[in-house]
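I opened this entry to note what I looked up, one item at a time.

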Amino acid sequence: MMGYLYLTIAIVAEVIATSALKASDEFSRLWPSVLVVIGYGIAFYFLTLTLRTLPVGIAYAIWSGLGIVLVSTIGWLLFGQRLDLPAILGMGLIIAGVAVINVFSRVAAH
């Protein structure tokens, strides 16, 4: 269970860092730039802890899938970026894929 907690922390930190990357305006704004470096540091540290108990392929599939959905949602909410129907459907498929991995895969740690 700790692997999933660490993975959740890694994903949240990565999403914050990626959102701050947009806000840093190509590293021309100090505080968003600092948040990028700290966020990615936290994200990768907790990803390494995750890999103690979860296979790297499963961890990365969950990390990237949920990261895509969360960053896209933040882009829509905070930066006014449009999400059309195909984008929303695609993200729904990503969420479904992550759910299938976690519910049905014997490779994922339970």
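At what angle do helix α1 and helix α3 pack, and how far apart are their axes? I worked from a predicted model. I found that α1 (residues 2-23) and α3 (residues 56-79) pack at an angle of about 40°, with 9 Å between their axes. I noted the crossing of α1 and α3 as right-handed.

Next I looked up the residues in that contact. On the α1 side I listed, among others, Tyr4, Leu7, Ile11, Glu14 and Lys22. On the α3 side the list includes Ile62, Trp63, Leu66, Gly67 and Phe79. By class, I have 14 nonpolar, three polar and two charged residues in the contact of α1 with α3.

Then I checked α1 by itself. Its 22 residues should span 32 Å at 1.5 Å a residue, and I found the end C-alpha atoms 31 Å apart, which agrees. The buried residues of α1 include Gly3, Tyr6, Leu7, Ala10, Ile11 and Glu14. I noted that the buried residues of α1 pack against α2 and α3. Just after α1, I found Asp25 with a positive phi of about 55°.

Last, I looked up Ser33, which lies in helix α2 (residues 30-50). Is Ser33 buried or exposed? I put Ser33 down as buried, because its relative accessibility is 11% and the cut-off for buried is under 20%. Leaving out residues up to four places away in sequence, Ser33 touches Ser24, Phe27 and Ser28.

Definitions and conventions
Residues are numbered from 1 along each chain as its sequence is written. This is a predicted model: local features need pLDDT of at least 70, side-chain atom pairs count only at pLDDT 80 or more; totals for chains, interfaces and linings use all residues. Side-chain values use heavy atoms; hydrogens and water are left out. Axes are lines fitted to C-alpha atoms, for helices over the stretch in contact, and angles run from 0 to 180 degrees between N-to-C directions. Helices (H or I, at least four residues) and strands (E, at least two) are DSSP runs, numbered from the N terminus. A crossing is left-handed if the near helix is turned anticlockwise from the far one by less than a right angle, and right-handed if clockwise. Contact means heavy atoms within 4.5 Å. Ala, Val, Leu, Ile, Met, Phe, Trp, Tyr, Cys and Pro count as nonpolar, Asp, Glu, Lys and Arg as charged, and the others, Gly among them, as polar. Buried means under 20% relative accessible area, exposed over 50%, partly exposed in between (1.4 Å probe, protein chains only). The expected span of a helix is 1.5 Å times one less than its number of residues.
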